[in-house]
Protein chains: 2
Amino acid sequence: MKQLAIGIDLGGTNLKGIVMEPGGRHRHLTRVPTEAEKGGKRVLENLLALIGVLIEKEGGSEAIRGVGIGTPGFVDRRGVMVGGAANLPGWVGTRLFEPIRERYGLRAAAANDVTVAALGEARFGAGRDVRNMVLMALGTGIGGGVVIDGRVYNGTHGMAAELGHITVDVNGLQCNCGARGCVEQYASAPGIVRVARLEAESYAGTTHSELLTLVRDNAHGFDSKTVYDHVARGDPFALHVNEVVCGKLGVAVGIVLNCFAPDRLILGGGVMKAGRVIIDTVSRYTPRYCWPEIRRRCEIHCAQLGEDAGVLGCGALVFDALTEEGDERSREADR
Amino acid sequence: MKQLAIGIDLGGTNLKGIVMEPGGRHRHLTRVPTEAEKGGKRVLENLLALIGVLIEKEGGSEAIRGVGIGTPGFVDRRGVMVGGAANLPGWVGTRLFEPIRERYGLRAAAANDVTVAALGEARFGAGRDVRNMVLMALGTGIGGGVVIDGRVYNGTHGMAAELGHITVDVNGLQCNCGARGCVEQYASAPGIVRVARLEAESYAGTTHSELLTLVRDNAHGFDSKTVYDHVARGDPFALHVNEVVCGKLGVAVGIVLNCFAPDRLILGGGVMKAGRVIIDTVSRYTPRYCWPEIRRRCEIHCAQLGEDAGVLGCGALVFDALTEEGDERSREADR
């Protein structure tokens, strides 16, 4: 029997959907606006409409086993949004599964957006050949996703792997979560900009730096890509900023390795377009904050799938949910 | 068919063994000296002899499905000691499974000693009613154990949950692992003594403190129990030491909650004989280092089983390994 899954990755700007086979082959890639500013009900309506579009493109829902959804925030086992998702006003409290079942007769599975990206990388990308994998996604914030024995680990109420809020400096920068010194304040895209601005105030290097001039002249005229473009050119102040950023990120990575001892830790997200320089610098700092054998045996790699990781993970989530149900049925039968 | 497991908890001083039923009922509790100082081969010989004693007490090995072992250090999936276990010279490199199969025809399963204690608490103690649980055991060091969906999580090469080496202060006390500011330096039994000594040098409180006099007069004449006995009596310096200890422990607990978002975090180990005061103080600090919703929804409890957690977890490990094999067989059959 042909088995297909619909995968939908819910982003702040766009909803992205595919129809996927178990091996990851997919078709009908479709993007529609999320319209987050119009509130949670509108977002849900757009999500439901996108499912309809994908079913129509596929020519019917007969072979579709279910819908997998990746969403910002925390989603519990019953598909209810229980928290997070600050960029989606009115999204908390939304019930995801019932309207999909009612309108299309399809089952659904859901997880946090970084968690589904981790599953995508684990199944089809940088974690293809390992059992246990952690993804840290460096973007507007820092998110985490954990795959254990090939399956997503959600934690209670879908809240696992808030890795961006690991404390790396108890007296550090104030974070919008209420805590101080969260790694997200230093190594997310806005964090890198923040570090560059702060370091520019005190930087004492004497070699000419184009980036330093740029930051001092116009503290709002650059972003994290500007910083890493200058790192690539060997700009001395940019290299200094990279050390500070990766020094803080190295604390968090060391802690994550001590906690999970995954076969592989993957760094992904928009910031990682900078590539190997971040992996290399972080890898120099991590051993200071990590049990030596763990550091030796856990690999740190770049993500491979870019923005496709999420939607592929959403598809995989559907097939995993079906297998789990099968396992539970066979355990029941054994009794 | 009657099903029994042998559980053996390998400690630095004693090997402790039981014969256990699936529900946790057990008999023939036997302790023999580990003789760690005589080297890894002798320890293995003592472990094998203990298995023989338990089989004899049971009157034969017919109903025994396997042997579960909890050991200091890291043990991989094939039962090979791959690291850690500093107190057991010559233990690394030991192969645990083959000699048990050869001498007794029994299968074996093994995990880190704190990991099996976590499984014991999860199955029969403080985590009985939850899916996901993390144990932090505060003793000579600080160890961690993780149970996910009711099963132990070992990480690569059995190294998961080195929670004692979470960095809580990058400029903090030097740890014997090579890093600085590991939580173990502050909140293990020797860590609490260390904090008391250091704080006694600078403490400026003017109310009379018996503990302060004791520490200043004889810096080696007290232990962590002395500190917490004085906490119980309201000694002002002891209360101050408790705040410092739990302040550091609170950072690590917050980080662990952010990483795993377990249903429940359990604090155990000898230090926790001090009881609720540590839970209460840590619970005041943790919200500073943890995503607010996670802190609200994850409970922090005391361990319930004391020193029995380990050996009960060893027994449970055997039954879990058998179930997993069953699951894998039924998945194979489905294909």
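A polar contact is a pair of N or O atoms within 3.5 Å; within protein, one must be able to donate a hydrogen and the other to accept it, and residues adjacent in sequence count only if both atoms are side-chain atoms. The model is predicted, and side-chain atom pairs count only at pLDDT 80 or more, while totals for interfaces use all residues. Residues are numbered from 1 along each chain as its sequence is written.

**Exercise 1.** State how many residue pairs are in polar contact across the interface of chain A and chain B, and how many salt bridges there are.

*Solution.* Step one: the polar rule finds 18 residue pairs, both residues at pLDDT 80 or more. Step two: a salt bridge needs a side-chain nitrogen of Lys or Arg within 4 Å of a carboxyl oxygen of Asp or Glu. The count of these between chain A and chain B is zero.

**Exercise 2.** Describe the extent of the interface and name the residues of chain A that lose the most area.

*Solution.* Step one: contact means heavy atoms within 4.5 Å, and 44 residues of chain A touch 44 residues of chain B. Step two: buried area is the accessible area (1.4 Å probe) lost by two parts on being put together, summed over both. Here about 4,000 Å² is buried, 59% of it on carbon and sulfur atoms. Step three: A:Cys259, A:Trp291 and A:Arg297 lose the most, together 15% of what the side of chain A buries.

Key:
Chains are lettered from A and ligands numbered from 1 in the order in which they are written. This is a predicted model: local features need pLDDT of at least 70, side-chain atom pairs count only at pLDDT 80 or more; totals for chains, interfaces and linings use all residues. Side-chain values use heavy atoms; hydrogens and water are left out.
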